[in-house]
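Hi,

Here is the structure I promised to pass on.

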Amino acid sequence: MSLPSGRKQNQRYWAAFFEELPSDKLGLKTPSVYDSHYRDFHMGIKGCYIRASQRIKPPAIGAAFVMTGSAQDSLHSLKEQQVAIENELGEKLYWYEGIKVEKQGYIELKYCDVTDETDWSDQHQWLVTKVEKLVEVFRPRIEKQNQEG
């Protein structure tokens with residue numbers, strides 16, 4: 001059984017991403033299945049991970065810090081630090097509180113054609129830069145909250 005075209009696109013995009021920029025460069029754990037429009041990089045902190053995403057409609061790539069389960073209890077404290085976090089990131093952080101299972105702070109999306117394979121290298125570099133910055137800014141905060149809690 002073959003995959004639908006969107007899932008094929010996802011597989012090709014992420015396979016190229018990891019060929020060019022191996023996951024160990026990010027210092028995060030990632031699953032081996034690449035057929036979703038996003039990749040979650042586990043930070044080694046329960047319920048906290050970084051999400052890199054790509055989508056065809058509307059065309060964009062993005063990066064987010066995501067919290068699930070009991071980790072969401074830290075959201076209020078993180079939002080109180082928004083100015084400091086944005087200063088460290090060097091850009092505005094947008095907060096999204098989903099009504100289901102996750103809450104996230106994300107960096108503004110970059111609009112680009114994810115089906116244009118000639119641009120993938122630039123898109124992958126952008127994603128890695130954003131993912132690394134999110135880890136750098138959020139990991140110490142979450143680790144500190146876990147020690148204090």
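**What I found**

The largest nonpolar core has 35 residues, and F17, C48, I50, F65, L78, L127 and F138 are those with the most contacts inside it. By nonpolar core I mean a set of buried Ala, Val, Leu, Ile, Met, Phe, Trp, Tyr and Cys residues joined through side-chain atoms within 4.5 Å. Buried is under 20% relative accessible area, exposed is over 50%, and partly exposed is in between (1.4 Å probe, protein chains only). At least two core residues come from each of α1 (5-20), β1 (38-45), β2 (48-55), β3 (60-68), α3 (75-80), α4 (82-89), β4 (93-97) and α5 (120-148). α5 gives the most, with ten residues. Helices (H or I, at least four residues) and strands (E, at least two) are DSSP runs, numbered from the N terminus.

Before going further: this is a predicted model, with local features needing pLDDT of at least 70 and side-chain atom pairs counting only at pLDDT 80 or more, while totals for chains, interfaces and linings use all residues. Residues are numbered from 1 along each chain as its sequence is written, and side-chain values use heavy atoms, with hydrogens and water left out.

Now α1. Q9, N10, Y13, W14, F17 and F18 are buried there. Down the helix axis these buried residues fall within an arc of 150 degrees, so they line one face of α1; the arc is that of the directions from the helix axis to the C-beta atoms. S5 and E19 are exposed, on the face turned away from the buried side.

β1 and β2 run antiparallel and are joined by six bridges (strands pair if DSSP finds at least two bridges between them). They form a hairpin with two residues between them, and G47 in the turn has a positive phi of about 80 degrees. D40 stands opposite R51 in β2.

Last, the cysteines. C48 is buried at 3% relative accessibility, and C112 is buried at 12%. Searching the whole structure turns up zero disulfides (a pair of cysteine sulfur atoms within 2.5 Å would count).

Cheers
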